[in-house]
Amino acid sequence: MTYLITSNTQKTGSEINTTGINAPASYVNMLSQTFEIEKDSEVAVESIKITRNGNLQISSVNNKFGIYIGENPNKIGTEEGISFRTGFCVPTRISGGNITKSPTDLCYNIREGLLQGLGQHPNFVPIDTAFPKVELKNGSNEFQGFKYTFTQNKESEKTPIPATAGDGWVASTRANINATVSASGSAGAVKLNKDGSEELYGNLSVIGQKYPLNLANGSVVFCFNSSLNGSAGDLWEVGLTRATFNEEQVDSALAGAPEHFKHKYSGFNYFDYSVRPNFINGSFEIFCSAVYLEETSNQTPETFKHKVEGLPNVSLTQGKGTASAFNRVKIIAKNEGLIFQLLSFNGSITTLLDTTSGITDRDNTVKPIGISNFYLYPKVNILSDPSASCIMVIDGYDGLNIPSYRFSQHNNNASFQYGGRFRGEALTPSLLGFKCDGDLTFQDFYATSIWKGESGVLSIYESRYPFNYTFVNVNAHTPKGLNGCATTATQVLDRDIIIVSSKDDAINGEPFLSTKDIGEADLTPFQTAQAFQLSFRTSISNRFGAQNILGFENVSVQEVVFTDGVIPKTKESKTAPKMISNKSLFVRLPDLPVNSFNTGKGSVSKILYHMPRFDNNGNEVGGLYFQPPERLYIPLNNVEKIRLNNLKVELCNIDETNGNTDLVGQTIVCLDIRRRR
């Protein structure tokens, strides 16, 4: 009798090698001297020690979680709660339907869910396509959970908009295609010329759709008076918009403006933020489109183009004909607000409005940048008469060329796709852009909500503080800004990624006033309606149940904190997700004259032992030990001695393949070889 111990590796711990001929499911033991098996022998498995990771089972019960970009709501005082934040917890999921996958395979599905959740903010959908990264917490050893690595796009990562109609710039409506788009002087600069027939083509109204604005201190510069090219004339408006559809790209009901703005706006005059000259008062004006509660008998949220008060009275004709004359408008995105500046020919700067340091007076400031308008694009309207010299030049733009993923198609992504869907056929004329009829990109919370029929969520979100300019009896909202890093090239947004894996009341929202308080308070009907409006409560996190699969059992909220400005950031599972094993394995000796028959496969086999799903202790995953109560000996039928210099051992599936066996770490198979009895 010979007791034969085989192992894929002699080492343990971090030095273990389980690749190549040392793989746990198929390994070769090289012998230092020739080993002889007596003639007419038989062989049996004495015992087996393996480490099996098993699989994770996903269903509608445990596949949903959420991503919140901003400050952890659990650290916000209950008086404010999520009602006072500019973010929103976006629901996402690991996968659809019921599936069973190994942890390694599930890494891709979890990453898809993270990408869909992070798509709400352009600076958290990384230009570096290696992130977010989802991998096993401890490599190839026994599964202990996942490791998640995140990054965000830095201030220095910027992309200019090419001067290409139908890809870089498109008309806001099918009627307003009175524009010629061409390159200007510097790289990425764009010249918009209103020189066509106004009777045939309407006014000039175009949107730069190529890339969304970089919110990590990005900017756009509109030159309305160029000494080289010409002037936009007296009647123009420039600014930023989230609404990039026109009637040719999508259904006309979706084009031009958010649904809850429809009765006040058209695709032509909708801006989220805009600047225009007013020749009646001789100064510049700033507007933002906002929802507010009109103090009327119906007490319902209404929309209007909010004129920002308290601006400096800057003369339109300042220094006319001299180097001190204004010729450009610059809008800078920073923190959660915007800076509006006028630039002169000589480079001097006059600030019209700066909302980035704090928001204290609702009537004298502009709404902060929030989840519904994180994706902003430059827009230009010119109403002046057409002519060869009626021109607006965009001579500076900091956008982000974000990769767009085709979800459920591994490693398939494209350059940024505007409009929330992959672009389809090119439209004629080219200024109408591309038809948006492809797969959802899940980028841009606004566009995705429109396509999924969830525009009501947008309306509710924009109806709450701090978008209500008339409600002043509240604490001021302090915008989140850039981190103070060592160099400006590495500055990132001072926002965190919050992973919500189970029900969390802070995410569901805390009311500003309880129903009881509202009923007893000495409030006018209008104030009562306002109070209810601010009591922003949802049941959104009640649907989340992925805490065990993600490895965050009993800890519903996980923070990925960027406050030190260092990226990337890593978050590891706190607990090991519970696995199951849904397969049996078989021991095979391919180099020995074992004769068995695999009827499942329909062929002669070298299999000599079946490893059941559960081991001797009833375990199905982790470190497993098998020892049959009675050994089954298989004859070798060798009429002569067998001399071996190496021995190959395989642990295979029912079809005798070695892939997807879920084995990791060290495998030990002990064999008993004896003369046949």
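A: Let's start with serine 408: its relative accessibility is 60%, and exposed means over 50%, so this residue counts as exposed. Keep in mind that we're looking at a predicted model. Serine 408 sits in the loop that runs between strand E27 (404–405) and strand E28 (413–414). Now check its backbone: phi of serine 408 is near 70 degrees, which is a positive value in a residue other than glycine. That's worth a second look because most residues other than glycine have a negative phi.

What lines the second largest cavity? Several lining residues come from this stretch of chain, including Ser404, Tyr405 and Phe407.

Next, some peptide bonds. Most peptide bonds are trans. The bond joining threonine 428 and proline 429, though, is cis, with omega about -5 degrees. You'll find proline 429 in the loop between strand E29 (421–426) and strand E30 (434–440). There's also a cis bond from phenylalanine 131 to proline 132, where omega is near -5 degrees. Proline 132 belongs to the loop between helix H1 (103–118) and strand E9 (133–136).

Back to positive phi for a moment. Asparagine 554 has a phi near 70 degrees, again a positive value in a residue other than glycine. It is in the loop between helix H8 (547–550) and strand E32 (557–560). With a relative accessibility of 74%, asparagine 554 counts as exposed.

Follow the chain into strand E32 and you reach glutamine 558. Is glutamine 558 buried or exposed? Its relative accessibility is 4%, and buried means under 20%, so glutamine 558 counts as buried. Leaving aside neighbours within four places in sequence, glutamine 558 is in contact with Ile497, Ile498, Ile499, Phe552, Lys571 and Lys574.

A helix gives us another view of burial. In helix H4 (residues 455–462), the buried residues are Ser455, Leu458, Tyr461 and Glu462. Look down the axis of H4 and these buried residues fall within an arc of 115 degrees, so they line one face of the helix.

Finally, let's zoom out. The chain has eight helices and 41 strands, and 56% of its 677 residues count as buried. Among contacts with a separation of 6 or more, 74% come from residues 24 or more positions apart. The accessible surface comes to about 27100 Å², with 47% of it belonging to carbon and sulfur atoms. There are zero disulfides in the structure. As for cysteines, cysteine 223 is buried with a relative accessible area of 7%, and cysteine 652 is buried at 0%.

Note on methods
Residues are numbered from 1 along each chain as its sequence is written. This is a predicted model: local features need pLDDT of at least 70, side-chain atom pairs count only at pLDDT 80 or more; totals for chains, interfaces and linings use all residues. Side-chain values use heavy atoms; hydrogens and water are left out. Buried means under 20% relative accessible area, exposed over 50%, partly exposed in between (1.4 Å probe, protein chains only). Helices (H or I, at least four residues) and strands (E, at least two) are DSSP runs, numbered from the N terminus. The arc is that of the directions from the helix axis to the C-beta atoms. Contact means heavy atoms within 4.5 Å. Accessible areas come from the Shrake-Rupley method with a 1.4 Å probe; for residues, only the protein chains shown count as cover. A disulfide is a pair of cysteine sulfur atoms within 2.5 Å. On a 1 Å grid over the protein atoms alone, a cavity is a set of points where a 1.4 Å probe fits but cannot get out, and a pocket is an open set with protein on both sides within 12 Å along at least five of seven lines; lining residues have an atom within 4 Å of a point.
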